[in-house]
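Me: Got a model open here and want to talk through its side chains. Can you take a look with me?

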Amino acid sequence: MIHRKVFFWSIVTALGGFLFGFDTAVISGAEKAIQQLWRLSAFEHGFTISIALIGTVLGAMFGGIPSDKLGRRQTLRWIAVLYLVSAVGAALAPGWVLFMVFRFLGGLGVGASSVTAPLYISEISPANSRGKLVGLFQFNIVFGILAAYLSNYLLANTGDISWRLMLGVQALPAAAFLLFLYQVPESPRWLLLHGRLDEGREVLRIISPDTVDADVAAILTAQAQTVTGQSESLWASQYRTPVLLAVAFAFFNQVSGINAIIYYAPRIFEMTGLGQGAALLSSAGIGLVNFIFTLLGVNVIDRFGRRKLMLVGSLGLIATLGLVAQAFYTQQFNGYLVPVLLFVYIGFFAFSQGAVIWVFISEIFPNAVRAKGQALGSSTHWVMATVIAFTFPYFAERLGGGHTFAFFCAMMVLQLLFVLRLMPETKGSSLEQVENRLVMH
């Protein structure tokens, strides 16, 4: 049974994920109106859409610094302010340059929240329900994407200011996020790490009253085993295993082709001969399938474990990507064959990689470098997302759909080997127990 306060804190923090998903997807409804309003060239238009992604990469790279210095809670509050300022500023922006500045600030918020929110939830969660609670972050990202598509649809016919309303409506959940964060305590592990023993003990007493003394002792023992100075660097030799796991996991997440498929779904469907209307309808279906299977994955992750979800997902991704590649090679599309295969692909991805990534990366680093480790995993994810999103149209055109999807399929074979040979199971273990297994003291 999860304490209701811990559940509430996790839900509030996971709102950062909702805003992350909403901010990422909302631009899709506004981009054409923005291009026409400011008469943007193809280059300027592309730069306008990707400026938030550039902010996201930077926010992910440096998001661990304020988490360590100011604390997890204070960093989350600043992230909420970034989301709020970005939503209001982009909606009211009188000119292109100012619009770009506000979208960039929103991107910083997305990147920083992908570091700090999973980090915070992992540090307040009991071991037996940590997967489900951290998984709320990914579930809320997908929910935010779905909400943005729905909101864009409802606001599409509100006249010349429809794009401003689409972007501005995000201010409501951002303001709620900021207000609710004042009901959330600081991470107990951050408090203990910074010598605030009484405050850290009080928060742990709420989380797990029966084991509070043992928890405090385990956290302080793990801290004492961490040699100060050199070991504060993420690149110290004892952290080699968690660093390798985080980078590999984030890399495989993106070379599955997930962002190429989400960003370019209508284009892919049109390549198979579907009309534009059917292609757009099919891409809306992708958002719904993503939502349903993320919910399923988050609900079973603590029962079956991270590794089992990844094994099932890897096999499903290899099969679906292989069949899509074959359809492109043979040019036998049979109506809705490719859309159906990609729906199944999204289901397998959401159930495995989607549900597991933020949970797993938030668990494998010791307290002393968890923020830095989360930042490394998150920034690897976002750099790869940017590379895949930028290069997919070029490779799909030059190499064709067959070669492109065969490449994604081959990468998932490598992911399967990674899961079988290297990925540890972290289900049911405290963060300190995971540290003892993965870190050379």
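**Aromatic rings and a helix**

Reply: Phe408 is buried, with a relative accessible area of 4%; buried means under 20% relative accessible area, exposed over 50% and partly exposed in between, with a 1.4 Å probe and protein chains only. This is a predicted model, where local features need pLDDT of at least 70, side-chain atom pairs count only at pLDDT 80 or more, and totals for chains, interfaces and linings use all residues. Residues are numbered from 1 along each chain as its sequence is written, and side-chain values use heavy atoms, with hydrogens and water left out.

Me: How many aromatic pairs does the structure hold?

Reply: There are 22, counting rings of Phe, Tyr and Trp (its six-membered ring) with centres within 6.5 Å; planes under 30 degrees apart are stacked, over 60 edge-to-face, the rest tilted. One of them is Phe251 with Phe252, edge-to-face at 5.6 Å centre to centre and 70° between the planes.

Me: And Phe392 with Phe408, why is that pair stacked?

Reply: Because the planes are at 15°, with the ring centres 6.5 Å apart. Phe392 is buried too, at 3%.

Me: Back to Phe251 and Phe252. Buried or exposed?

Reply: Phe251 is partly exposed at 30% relative accessibility, while Phe252 is buried at 9%.

Me: Which residues make up the aromatic cluster?

Reply: Phe18, Phe22, Phe139, Phe143 and Phe291 form one cluster.

Me: Switching to H8. What is exposed on the face turned away from its buried side?

Reply: Leu172 and Leu179. The helix spans residues 171-180; helices are DSSP runs (H or I, at least four residues), numbered from the N terminus.

Notes. Helix = DSSP H or I, 4+ residues; strand = E, 2+ residues; numbered from the N terminus.
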